[in-house]
Amino acid sequence: MENLIPNEEPLRQEYFMSEVNDIIHAKAIDRGVYPTYKVVTFGCQMNARDSEKLSGILSGIGYIEAETEEDADLVLFNTCTVRENANDRLYGRVGQLKKSKEKNPDMIIGICGCMMQEAEEVEKIKKSYRHVDLVFGTHNIYKLAEILFEHLTTKKQVVNVMESAEMIVEKLPNKREFAFKSGVNITFGCNNFCSYCIVPYVRGRERSRKPEEIIDEIKGLVADGVKEIMLLGQNVNSYGRGLDEEISFATLLDRIAQIDGLERLRFMTPHPKDLSDEVIDVMKKNKKICKHLHLPLQSGSSEILKKMNRVYNKEGYLDLVRRIKAAIPDISLTTDIIVGFPGETERDFLDTLDVVKEVRYDSAFTFIYSKRSGTPAAKMDDQIDPKVIKDRFDRLLKTVQDIAAENTKKNEGKCMPVLVEGKNDHLDGYLSGKLENNLTVHFKGQERLIGEIVDVILDEAKGFYYMGHIKTSEA
Ligand code: SAH
Ligand code: SF4
Ligand code: F3S
């Protein structure tokens, strides 16, 4: 039988998907129902996209999505490890599932993603969480069917973590969370090694997908009804490095913007150190590219930025923002900021506030510095007192919120296109959607509008979101 198993991908995985499908089908006949799965996702958009791929494989082999993890026959935790204490939360949930597994001995529990790239976490599972059946990392999510096959045929705990990525496997199934929008990977991994960040260690070296693979995928998604694409990479600007064809991110962006039927195009994350003028030009000339940039600042202090290994300084960042605003005056800027990096003085913190006040972000993710073991910053002297960090964090948040509220207020009364994302969870008869700048708008409307782009009048700004009403012709 060994001889029949293809070595080439994706053929090999297609083979295992078909094998597992036979097993699942037989089980379904036996039990009278198909087994169910739940993928639980932590972390960033990369993980969200990976989870769609995992769900795609599971649906492809016969599993049906369950409502909750407790009543699923297969639960897969796709983990994040960017903050030091992330594992507490995970193991709490994995521990709780032990009871569900006692009731349903056929239940399969898997853990994958960034945390599984850390050897000590894998050891902990092997030793203390024997009820976990599948363990794999970020580099081999495409092998889910093969890993599951091994477990189903041996009933053993299968641990399959690769230290680095061998290749990019294309053309495997995926199941989108939203019918009308999708993330699309353009690069995997990261080469930047910001001193606080674990991502390069758990996601490996940067690799770019071939442009034709990306464009084919997007054309397929658009044909399937997708209106908005978000290009994903830890530093999208460095797209193209290592490919045979010489191609920059700006060129890729321009080519994608030409795809017929695509209505909105976004990307995340551009590293400020190499956001080129060409990218700004392409954004300026293509209407489909959302006038929104998420431009992580991390700190406004040149001294701290140096210690963070971010490569740009305060002036460089501000200069970039000025160039962007000059080219695209109504651009919306958002950011990520870390408070309390080792050695951060009050002066350094004031530099951060300074940048926030000059750039005037529409929103910002503010993070308390986490001493992430395994990163160079965790070994730095001068870790900051949590009380001081808390005080700075509160001041930063207040400044960010005040500015965001002033910015959103300015658009009150304006009519803007909104991609309708779904029913409002709290208000009956209301829908929620996203503006081009990614801010949320709630408004009355019928469910049939979900997935459509409609014109909405922004009646009232509420800080980071709006209440509005649909322009009459579309209600
Ligand atoms: N590639 C992206 C960010 C990916 S991680 C970039 O370069 O901007 C997402 C965010 O998590 C980062 O922007 C950073 O603000 C935050 N982050 C990463 N490591 C952190 C740490 N040790 N403590 C606090 N926040 C951290
Ligand atoms: Fe982490 Fe820096 Fe890479 Fe972003 S660019 S993923 S912050 S190392
Ligand atoms: Fe993302 Fe967390 Fe991994 S931020 S890349 S899921 S460590």
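Modeller: Let's begin with a term: a contact means heavy atoms within 4.5 Å. This is a predicted model, where local features need pLDDT of at least 70 and side-chain atom pairs count only at pLDDT 80 or more, while totals for chains, interfaces and linings use all residues. Residues are numbered from 1 along each chain as its sequence is written, chains are lettered from A and ligands numbered from 1 in the order in which they are written, and side-chain values use heavy atoms, with hydrogens and water left out.

Biologist: What is the radius of gyration of the protein chain, and what would a compact globule have?

Modeller: The radius is taken over C-alpha atoms, and the globule rule is 2.2 Å times the number of residues to the power 0.38. The C-alpha trace spans about 65 × 60 × 50 Å along its principal axes. With 475 residues, a compact globule would come out near 23 Å, and the chain agrees because its own value is 23 Å.

Biologist: What percentage of the residues is buried?

Modeller: Buried means under 20% relative accessible area, exposed means over 50%, and partly exposed is in between (1.4 Å probe, protein chains only). Of the 475 residues in the protein chain, the buried ones make up 56%.

Biologist: How far apart are the mean positions of the positive and negative charges?

Modeller: Lys and Arg count as positive and Asp and Glu as negative, while His and the chain ends are not counted. Each charge is placed at NZ of Lys, CZ of Arg, CG of Asp or CD of Glu. For the 68 positive and 77 negative charges, the mean positions are apart by 3 Å.

Biologist: Let's zoom in on a helix. What span should H12 have, and what does it have?

Modeller: The expected span of a helix is 1.5 Å times one less than its number of residues. H12 covers residues 346–359, which is 14 residues, so it should span 20 Å. Its end C-alpha atoms agree, being apart by 20 Å.

Biologist: What covers the buried residues of H12?

Modeller: The buried residues of H12 are Asp348, Phe349, Asp351, Thr352, Leu353, Val355, Val356 and Val359. Their cover includes strand E13 (332–339), helix H13 (386–410), helix H10 (302–308) and helix H11 (314–327).

Biologist: Is Val355 buried or exposed?

Modeller: Val355 sits in helix H12. Not counting residues up to four places away in sequence, Val355 touches Leu297, Gly300, Lys314, Tyr317, Leu318, Arg360 and Tyr361. Lys314 is 41 residues away from Val355 in sequence, with the two C-alpha atoms 7.6 Å apart. Because its relative accessibility is 1%, Val355 counts as buried.

Biologist: Which residues of H11 are buried?

Modeller: H11 has 14 residues, so it should span 20 Å, and its end C-alpha atoms agree at 20 Å. The cover over its buried residues includes H9, strand E12 (292–294), H10, E13 and H12. The buried residues themselves are Lys314, Tyr317, Leu318, Leu320, Val321, Ile324 and Ala327.

Biologist: Which residue with a positive phi follows H7?

Modeller: H7 runs over residues 211–223, and its 13 residues should span 18 Å, which agrees with the 18 Å between its end C-alpha atoms. After H7 comes a residue with phi near 100°, and that is Gly225.

Biologist: What about Lys155: what is its phi?

Modeller: Lys155 lies in the loop between helix H5 (144–154) and strand E6 (158–160). Lys155 counts as exposed because its relative accessible area is 56%. Although Lys155 is not a glycine, its phi is positive, at about 65°.

Biologist: Last one: what is the omega of the peptide bond from Met268 to Thr269?

Modeller: Thr269 lies in the loop between strand E11 (264–268) and H9. The bond from Met268 to Thr269 is cis, with omega near 10°.

Methods: Helices (H or I, at least four residues) and strands (E, at least two) are DSSP runs, numbered from the N terminus.
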